[in-house]
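Hi,

Here is the structure I promised to pass on. Have a look at it first, and my notes follow below.

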Amino acid sequence: MKLIILDGHTANPGDLSWDGLRDLVEYEVYERSSPEQTMARAADATAVLTNKAVVDARVIAALPRLRYIGVVATGCNVVDLAAASRRGIVVSNVPDYGTASVAQATFALLLELTNRVGHHAQTVRAGRWSQSADFCYWDYPQIELAGLTLGIVGFGQIGRAVARIAAAFGMHILACARSPSGTVRDGVHLADLASVFRASDVVTLHCPLTPDTRELVDAARLAQMKPTAFLVNTARGGLVRDADLAAALNDDRLAGAALDVLTVEPPTADNPLLHAKNCLITPHIAWAARAARARLIQQAIDNVRAFVSDHPINVVNA
């Protein structure tokens, strides 16, 4: 059985190993692959692994031997699942590898909004403290999280991990989940979406991107938020309408936003969020802690092992 890793660089830029595949398949690793390269490289492959390399209906039609697609991620939007199913191709993903990493990154972004540690550290390095007439200074309000309300949109594994961290900071927690609103679970009050946006001092997104959630955060939704509130997104860029968020920030209708994801990645130079007021953006790295990537690769290998053994696991197109 021949397996092609289409874009191994992102999950493993060289600090981890694919050696666990050696006893299972013959494999070859490419750092990145365009759709055309995918068709050429995987022409005689039985299986492919992909992180962000697109395997759409056109690619699938060009790979007659293909029987397995392993998504080295949780989201499977890079694969045409219907086209794979019509061909009898098994598609699996890695459903839970980055919970701790993403939850930690969520608070790294939030704490940068509330304390601006990076900014102030840079001013010290530039010599400003040494030249200061006072023993301290700050360029942004220093905001305590204790007593503030955190609204969590999406209460799966990551949302619950974020709630546990928030509780340790002394925050009140609202969550929008599939369970009925008005109930309490481990100190978390469940509420409808509108209530979460209206009542929260911070709203953090942890829901999947689906047709129902695409551009969930638009002008109307942002208008429900307090002008002193913050928005954090470490989930999917498509949950937010970029232009509407930029306008809210620039018009001081929202205090700040911290985003690890954007609708188009890498972003185009004219994305309005790149220059919006009080908008912090990191390059989709919340998932990328080495420990998380090690779990990701190991589970992807385990998925291949299960497929080779005729007992596939984590199948998303059953």
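A disulfide here is a pair of cysteine sulfur atoms within 2.5 Å. By that rule the count comes to 0 disulfides. The sulfur of Cys176 is 8.3 Å from the closest cysteine sulfur, that of Cys207, so the two are too far apart for a bond. Cys279 is in no disulfide either, as the nearest cysteine sulfur, again in Cys207, is 18 Å away. Cys176 counts as buried because its relative accessibility is 18% (buried is under 20% relative accessible area, exposed over 50%, partly exposed in between, with a 1.4 Å probe and protein chains only). Cys279 is also buried, at 14%.

Before the rest, some housekeeping. This is a predicted model, in which local features need pLDDT of at least 70 and side-chain atom pairs count only at pLDDT 80 or more, while totals for chains, interfaces and linings use all residues. Residues are numbered from 1 along each chain as its sequence is written, and side-chain values use heavy atoms, with hydrogens and water left out.

Next, helix H7, residues 157–168 (helices, H or I with at least four residues, and strands, E with at least two, are DSSP runs numbered from the N terminus). The expected span of a helix is 1.5 Å times one less than its number of residues, so the 12 residues of H7 should span 16 Å, and the 17 Å between its end C-alpha atoms agrees with that. Gly159, Ala161, Val162, Ala163 and Ala166 are buried in H7. Their cover includes helix H5 (99–115) and strands E6 (149–153), E7 (172–176), E9 (188–190) and E10 (202–205). Just after H7, Gly170 has a positive phi of about 85°.

His284, in the loop between E13 and helix H11 (290–308), has a positive phi near 55° and is partly exposed at 23%. Asp310, in the segment after H11, has a positive phi near 65° and is exposed, with a relative accessible area of 63%. The peptide bond from Glu265 to Pro266 is cis, with omega near -10°; Pro266 is in the loop between strands E12 (256–259) and E13 (279–281).

The volume of the largest cavity is about 40 Å³, meaning the space filled by probe spheres set on the points, which are joined across faces, edges and corners. Its lining is made of Ile5, Asp7, Gly8, Ala11, Trp18, Leu49, Thr50, Asn51 and Val72. Helix H1 (8–11) and strand E3 (47–50) each supply at least two residues of that lining.

Two further residues may interest you. Asp244, in helix H10 (residues 242–250), is buried at 16%. Leaving aside neighbours within four places in sequence, Asp244 is in contact (heavy atoms within 4.5 Å) with Asp218, Ala219 and Leu222. Pro95, in the loop between strand E5 (90–92) and H5, is partly exposed at 46%. Not counting residues up to four places away in sequence, Pro95 touches Thr74 and Asn314.

Best wishes

Terms used
On a 1 Å grid over the protein atoms alone, a cavity is a set of points where a 1.4 Å probe fits but cannot get out, and a pocket is an open set with protein on both sides within 12 Å along at least five of seven lines; lining residues have an atom within 4 Å of a point.
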